[in-house]
Number of protein chains: 2
Amino acid sequence: MPSARPPAQSEKSLLAVLGGERRDPVPMWMMRQAGRYLPEYRELRTAKGSFLDLVYDADAAAEITLQPLNRFPELDAAILFSDILIVPFAIGQNLSFIAGEGPRLTPPLINAQLDQLTAYPARLDPIYETVRKVRAALDPAKTLIGFAGSPWTVASYMVAGQGSRDQADARRLAYADAGAFAELIQRIEAVTLDYLSGQIAAGAEALQLFDSWAGSLSPAQFEQWVIAPTARIVASLRTRYPGFPIIGFPKGAGGKLAAYARETGISALGLDETVDPLWAARELPDNLPLQGNLDPLALIAGGDLLDEAVKPILDAFADRPHIYNLGHGISQDTPIAHVERLISLVKGTK
Amino acid sequence: MPSARPPAQSEKSLLAVLGGERRDPVPMWMMRQAGRYLPEYRELRTAKGSFLDLVYDADAAAEITLQPLNRFPELDAAILFSDILIVPFAIGQNLSFIAGEGPRLTPPLINAQLDQLTAYPARLDPIYETVRKVRAALDPAKTLIGFAGSPWTVASYMVAGQGSRDQADARRLAYADAGAFAELIQRIEAVTLDYLSGQIAAGAEALQLFDSWAGSLSPAQFEQWVIAPTARIVASLRTRYPGFPIIGFPKGAGGKLAAYARETGISALGLDETVDPLWAARELPDNLPLQGNLDPLALIAGGDLLDEAVKPILDAFADRPHIYNLGHGISQDTPIAHVERLISLVKGTK
């Protein structure tokens with residue numbers, strides 16, 4: 001099937017692929033590439049305080065965003081150093097990160113009691129400042145990716161007040177009081193739209209929507225709380241910024257990936273590490289750019305195992321637009337040398 | 001595609017469907033149907049002590065196994081009241097269930113240090129006694145289902161010593177020391193084969209292999225640690241008991257379900273609640289019996305929402321062998337009246 005999109009004129013490899021072109025070598029970035037596996041990140045973290053302090057210090061956040069590009073100049077994109085829970089913070093929940101336990105949002109919205117919250121849209125402004133600083137400093141050959149969480153995943157944290165194994169609190173609320181849950185989703189959607197528009201205005205050249213918990217929903221709930229809100233966000237952004245490239249990453253969506261790709265209007269589909277690339281290449285639309293999907297644990301393992309894991313993904317997607325990435329965020333205990341090896345394998349510089 | 005299996009002669013609806021026949025109304029049972037949502041279970045639990053005490057008291061375990069059939073005579077099968085962690089217990093780990101925290105296995109096999117363990121095969125014997133008691137008391141029109149965990153899922157508990165969000169300890173070990181991990185899988189496989197053979201000898205008429213954490217593996221690991229061990233267990237059991245019906249339930253396998261069904265030799269495939277029934281009906285072999293897949297949270301919700309959730313599953317699988325079930329174990333806070341409603345909807349007695 002020929003691509004429905006006109007060929008992009010961009011000289012930036014990542015944007016070209018998002019526009020439907022194939023590139024060899026393929027463009028590459030890594031989810032959570034600005035983070036704790038980098039000694040220069042850990043040093044800044046020790047000097048500057050908590051994770052949230054870093055996110056809200058635009059100079060520090062910009063520096064962190066650029067760190068992986070400085071260390072690995074072959075990477076094709078910088079992704080904004082921030083967190084998907086900035087949106088609940090702007091909606092009015094208190095946000096903290098407890099060492100070893102992860103994020104806490106208070107009060108939890110176990111009954112979607114949104115009337116208790118006062119919105120603080122100004123809590124988004126420092127993030128735009130980071131985007132502007134990164135864009136000003138970034139090599140023009142590289143692409144700056146902004147991001148947000150998708151409404152379902154953000155809602156699952158807001159309802160439980162924290163991460164949870166199977167997002168049961170949010171799924172139960174969605175069944176027990178679909179009206180209240182719909183209002184919560186709508187509030188998240190509205191702020192997310194502002195947030196992503198603000199990132200674009202500040203210089204983001206592509207966006208990724210992280211739907212980390214898309215995998216826990218029944219088909220009807222997936223349609224209602226993943227596909228529909230994502231489709232509305234994509235359509236609204238495109239009204240403001242026609243053709244803007246948006247990568248959707250519905251982690252764990254499995255057999256529902258094709259419906260997600262077809263119905264949301266995203267430009268490219270991120271695949272988690274559990275997806276068989278041969279299956280994806282066969283079952284997903286030929287002209288759809290795919291991103292992924294090396295197992296981050298294979299990257300930790302390194303050695304022959306890494307070498308053998310990298311190539312089948314390249315081979316499976318050789319005939320279509322492909323962006324190399326991991327299937328999940330890079331782990332903090334990943335050796336730098338393994339990242340270097342991965343890059344040399346993908347970029348053919350070994 | 002016509003069924004490759006000869007029509008079964010069985011008068012038991014569940015066995016007929018496992019043999020490739022369609023039945024109307026469809027046979028039905030519920031994962032974890034013998035459990036805490038039943039007041040008669042909670043009463044026995046209070047009287048008799050811990051979960052493990054109940055599992056090892058063959059009279060109590062047989063009574064619990066039969067409780068759901070006594071309360072809901074329309075159910076077509078009893079499933080043995082036991083736990084997948086009986087196998088690690090027989091391999092020599094200590095097993096305890098901590099209220100509110102779930103199971104603990106000690107020592108955890110974080111480095112697959114199997115030489116520290118002494119096998120106790122006699123720890124399986126009381127379970128066979130339960131199977132015999134249930135079979136003797138069970139209505140001959142009903143089917144007795146035995147079960148075990150699949151090696152990968154059992155290994156993930158044995159390595160971490162408990163449940164975990166993404167089975168990272170076991171996945172890391174499998175990458176870091178594939179030889180040691182293969183030995184662990186092989187040990188589990190051997191005991192599981194004995195355990196399932198013992199259940200069949202004691203009177204189980206069908207088996208289910210629970211692979212609760214199949215969804216966390218990369219395609220290569222899924223092939224190596226889910227499909228291959230499952231295929232070996234199925235083949236070995238069929239050597240001893242030709243044609244014996246075995247349901248595979250690789251939770252979270254998503255797009256890898258078709259490969260699992262094709263390569264393991266299982267008789268029927270259990271679908272979790274995240275699988276779109278229309279997708280499954282389209283993508284999975286026509287002659288393959290499917291089991292599932294109502295969202296347990298829809299059963300908790302009840303009302304119109306339950307009514308609307310039940311029928312699309314029946315409709316999607318109307319043209320193939322289908323066993324109605326939930327997509328996951330029934331939750332302890334499920335109202336009995338909702339279960340009654342579900343049964344009446346499936347059995348057409350509303």
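Let's start with Ile64(A), which is found in helix α4 of chain A, residues 58-71; helices here are DSSP runs of H or I with at least four residues, strands are runs of E with at least two, and both are numbered from the N terminus. Please keep in mind that this is a predicted model, where local features need pLDDT of at least 70, side-chain atom pairs count only at pLDDT 80 or more, and totals for chains, interfaces and linings use all residues. For orientation, residues are numbered from 1 along each chain as its sequence is written, chains are lettered from A and ligands numbered from 1 in the order in which they are written, and side-chain values use heavy atoms, with hydrogens and water left out.

Is Ile64(A) buried or exposed? Ile64(A) is buried, at a relative accessible area of 0%. The cut-offs are under 20% for buried, over 50% for exposed and partly exposed in between, with a 1.4 Å probe and protein chains only. Leaving aside residues up to four places away in sequence, Ile64(A) touches Ala34(A), Tyr41(A), Leu44(A), Leu54(A) and Phe81(A), where contact means heavy atoms within 4.5 Å.

Two of those names come back when we turn to the rings. Tyr41(A) and Phe81(A) join Phe51(A) and Phe97(A) in a cluster linked by ring pairs. Rings of Phe, Tyr and Trp (its six-membered ring) pair if their centres lie within 6.5 Å; planes under 30 degrees apart are stacked, over 60 edge-to-face, and the rest tilted. How many aromatic pairs are there over all chains? The search of the whole structure finds 21. One of them is Phe181(A) with Trp225(A), edge-to-face at 4.8 Å centre to centre and 85 degrees between the planes. Phe181(A) lies in helix α9 (178-202) and Trp225(A) in helix α10 (219-240) of chain A, so this pair ties together parts that are 44 residues apart in sequence. Phe181(A) is buried at 0% relative accessible area, and Trp225(A) is buried as well, at 5%.

Staying with helix α10 of chain A, we also find Gln221(A) there. Gln221(A) is buried, with a relative accessible area of 3%. Its contacts, again without residues up to four places away in sequence, are Arg171(A), Ala174(A), Tyr175(A), Val226(A) and, from chain B, Asp295(B).

Now over to chain B, and a pair of helices. Helix α7 (151-160) and helix α8 (168-176) of chain B pack at about 100 degrees, with their axes 8 Å apart; axes are lines fitted to C-alpha atoms, for helices over the stretch in contact, and angles run from 0 to 180 degrees between N-to-C directions. α7(B) and α8(B) are therefore roughly perpendicular, given that 65 to 115 degrees carries that label, under 35 is roughly parallel, over 145 roughly antiparallel and the rest oblique. Among the residues that meet are Trp152(B) and Val159(B) in α7(B), and Arg171(B) and Leu173(B) in α8(B).

Last stop: helix α11 of chain B, residues 257-264. Why call α11(B) largely enclosed by the rest of the structure? Because 6 of its 8 residues are buried. These are Leu257(B), Ala258(B), Ala259(B), Tyr260(B), Ala261(B) and Thr264(B). The buried residues of α11(B) pack against α10 (219-240), β6 (246-250), β7 (268-270) and α12 (277-283) of chain B. Just after α11(B), Gly265(B) takes a positive phi of about 80 degrees.
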